[in-house]
Number of protein chains: 2
Amino acid sequence: MATNHHYNKVEASVEAVAIKARKAALSFQSYSTKKKNEALQVMKEKILSAKDQILEANQRDLAAAQEQNLETPLLKRLDLSSSGKFESLVQGITAVQNLEDPVGKVTLATELDQGLELYRVSCPLGVLCIIFESRPDAAVQISSLAIKSSNAVILKGGKEAERTNRALVDCIRDSLESVNVPADVVQLVSTREEIKSLLALEQYIDMVIPRGSNSLVRYIKENTKIPVMGHADGICAVYVDKNADERKAIDIVLDSKTQYPAVCNATETLLIHRQLLPNVFPKIASKLSEHGVIMKCDQESMKALPNGISAEAAEETDYTTEFLNFTIAIKTVGDVKEAIEHINSHGSGHTDCIVTEDEVARDLFFALVDSAGVYHNASTRFADGFRYGFGAEVGVSTNKIHARGPVGLEGLLIYKYRLYGNGHTVAPYAKGEKHLTHKTIVPQYRPNWEKTQTNE
Amino acid sequence: MATNHHYNKVEASVEAVAIKARKAALSFQSYSTKKKNEALQVMKEKILSAKDQILEANQRDLAAAQEQNLETPLLKRLDLSSSGKFESLVQGITAVQNLEDPVGKVTLATELDQGLELYRVSCPLGVLCIIFESRPDAAVQISSLAIKSSNAVILKGGKEAERTNRALVDCIRDSLESVNVPADVVQLVSTREEIKSLLALEQYIDMVIPRGSNSLVRYIKENTKIPVMGHADGICAVYVDKNADERKAIDIVLDSKTQYPAVCNATETLLIHRQLLPNVFPKIASKLSEHGVIMKCDQESMKALPNGISAEAAEETDYTTEFLNFTIAIKTVGDVKEAIEHINSHGSGHTDCIVTEDEVARDLFFALVDSAGVYHNASTRFADGFRYGFGAEVGVSTNKIHARGPVGLEGLLIYKYRLYGNGHTVAPYAKGEKHLTHKTIVPQYRPNWEKTQTNE
């Protein structure tokens, strides 16, 4: 009974949060670029001047987390005091400030008939819900992105970062209020039970973006009707083709696997062309071994290992495992088609690379590998919003719809069709008395979309 | 036991269909524009030359449906023999043939560094599943769209149209085979039980597109993890502002409600500014009454009805009802903000119109109404892919993500990021030895995307 009562209270309070977010989102869509950048500027200043309090809250979170024996990587992500971290959090706000306003862009403009003009204009999704663990800097980054894209956001942070998140979100909400933006554009909820309630609120929340462990992402995907943008797994592969340049092959395999193995764009599988087993493969294997990589080899590649280099026998599940450490699964393939088939049936649709000097093989790989990123002679580690030049990253999506791959501000938008008429009715067109012209027009014709941004 | 056995068989066979679709989709993405148009051309010819057999199959479906007392609208949609219907089905194929190939378009091109080039290129979603009732012409239309966009499609037709759909799909599959496109790009399944099994196959199916009754759409949305593109309701509103032109108001309300009330873009709600109750509203009401429209009025508008014109008292649920007939719910509002609030809380996000000569009111309405279509002085009936100039329509989406409003070929696509390198690794950039340049480049630089279309 007590538990039930508790759950009901959680549900009620989470629903209230979502209703407030929706209301804030509906009015926030009309705010000008100037206003949004002002909010970001004040936010930066307030966070800077509250640095001591924020770091103090962070120390208290850290102490509590250590007491509870939180894993080291989570502790690391929680800690804001390490060198440069607070500064880069603040720089992140400036970066978002400097991005072009993505709202109000005209992506289609057609004169349907005289005086009847159709425009497709980008607009915010509405209400975002971000579910993240540890890393309180994510609260700031995501809030900045939400503000810039005129979305409201519900931040569901982890309990381990509650004090830090609260201190940061207090600054953010103060900043919004001080420039007359509804504070409910950014709201924070923190308890574990709230996730389930949030995931049921599809009438108020337009998108869920998980930033956390695979198991968290999978739980979310399985428990909501709300579109989820993100990825559970990053099982990236490098295929070294028979016409690969040896130097490039060694460099790319090594970088893709070892440059930072704990992230989704690190490579987990090496596919090696059979013809390269006697010559190129031993050099790759030596290099991997030298860097402490544990290799899980199929029978053929195992036999081709150079003397003194050992490996484990690969099991079928190794080819669908995201190791996230210095382990790589290795498989021998007969040609590019076999490599493509392996990737399409074992990969996660994240990012896959072909190393080859053969353009035909490259083009086939590019056409047929069904992944968000297809790479030629480049490390899979390039799959990242900042490296792609988006200036900010919402996350990496392995979804097939809406937004795929590294997602910047664009992924937080959709569009509206605006039709400007002058009393136009459909009847005369249906009767054939009048005809639609469908003439493409210059979008600039409709002056000043800012006019519709009502709050200066 | 018998039932279980039967279900298991259905599931197995539906899964086999989906696996075949996925396989066909993966190879089909590389086919050239020329090849796809050839397939469409042969398809048109085969359907034309099989006209007699198709119409005969259709007559048998019709006879069976009449025996089972199918509702008249469904019978109408099933019947291919009515004047011009077969011809427009065939013309639909030509229309799709004439559309530009949407696959392979470059929507972003950035030089990340010397010799390291990033391209975002449109590509098919993969496997579509269309669930439709009656209208066998939809089978042809959707197959054409799928072929043009390089997607595979599973057509789940209604049992009432089984013979007709089978005759049409046989022609389509023959056509594909005759030009060496895998026939499994188009597959048909027909029994009711198969819907549930299909909706569970998220590992093979990328998008479900329902074309049918609200209850069918709602059932599908509630029973699948696969993204569903479509709309359950079309609750469109016309708001007549205090600064409306009387003539335009009368014309637009009448056309939006009566020009074809059985469809999703017909208007269901009239919001009338209080100041217009004494003068403009009685004229609108008379006109609606003259055309046989049943009005459901709030108290204020009820009192303002002219002599001799009667109406029913509106209940709250009338403002969230899709009547799809000659009925309209009428409500008095105090200003444009109240109208916006009503629409955002009662509408379905489909298409809503403001009638006004006041640009400030229009711009506020355009900025704050959260619908796929926001219209100024134009009938909501314009919300349609053909009227928008898309040449073909997949459906109308009230989703907030991926595609919104009338959806043409573009809605069946996503994109891949292609990265062309020359042995590039991330390490030197991470160490600060090298720097990314992020220079926008002219997409045309990469010659001939057709080169990656491997099957001529």
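This is a predicted model: local features need pLDDT of at least 70, side-chain atom pairs count only at pLDDT 80 or more; totals for chains, interfaces and linings use all residues.
Now colour the interface. Of the interface residues of chain B, 100% are interface residues in chain A too, so the two copies meet through the same surface.

Next, hide chain B and look at chain A by itself. Its C-alpha atoms fill a box of roughly 80 × 70 × 45 Å along the principal axes. You can trace 15 helices and 17 strands here, and 61% of the 456 residues count as buried.

Now zoom in on helix H13 of chain A, residues 336-346. Which of its residues are buried? Select Val336(A), Ala339(A), Ile340(A), His342(A), Ile343(A) and His346(A) to see them. Look down the axis of H13(A): these buried residues stay within an arc of 160 degrees, so they line one face of the helix. An α-helix has 3.6 residues a turn, so residues three or four places apart point the same way. Then turn to the other side of H13(A), where Lys337(A), Glu341(A) and Ser345(A) are exposed.

What covers the buried residues of H13(A)? Show strands E7 (236-240), E8 (267-273), E11 (327-333) and E12 (351-355), along with helix H14 (359-368), all of chain A; these are included in the cover.

For a last stop, go to the start of H13(A) and select Asp335(A): one of its side-chain oxygens comes within 3.2 Å of the backbone nitrogen of Lys337(A).

Definitions and conventions: Residues are numbered from 1 along each chain as its sequence is written. Chains are lettered from A and ligands numbered from 1 in the order in which they are written. Side-chain values use heavy atoms; hydrogens and water are left out. Contact means heavy atoms within 4.5 Å. Buried means under 20% relative accessible area, exposed over 50%, partly exposed in between (1.4 Å probe, protein chains only). Helices (H or I, at least four residues) and strands (E, at least two) are DSSP runs, numbered from the N terminus. The arc is that of the directions from the helix axis to the C-beta atoms. A polar contact is a pair of N or O atoms within 3.5 Å; within protein, one must be able to donate a hydrogen and the other to accept it, and residues adjacent in sequence count only if both atoms are side-chain atoms.
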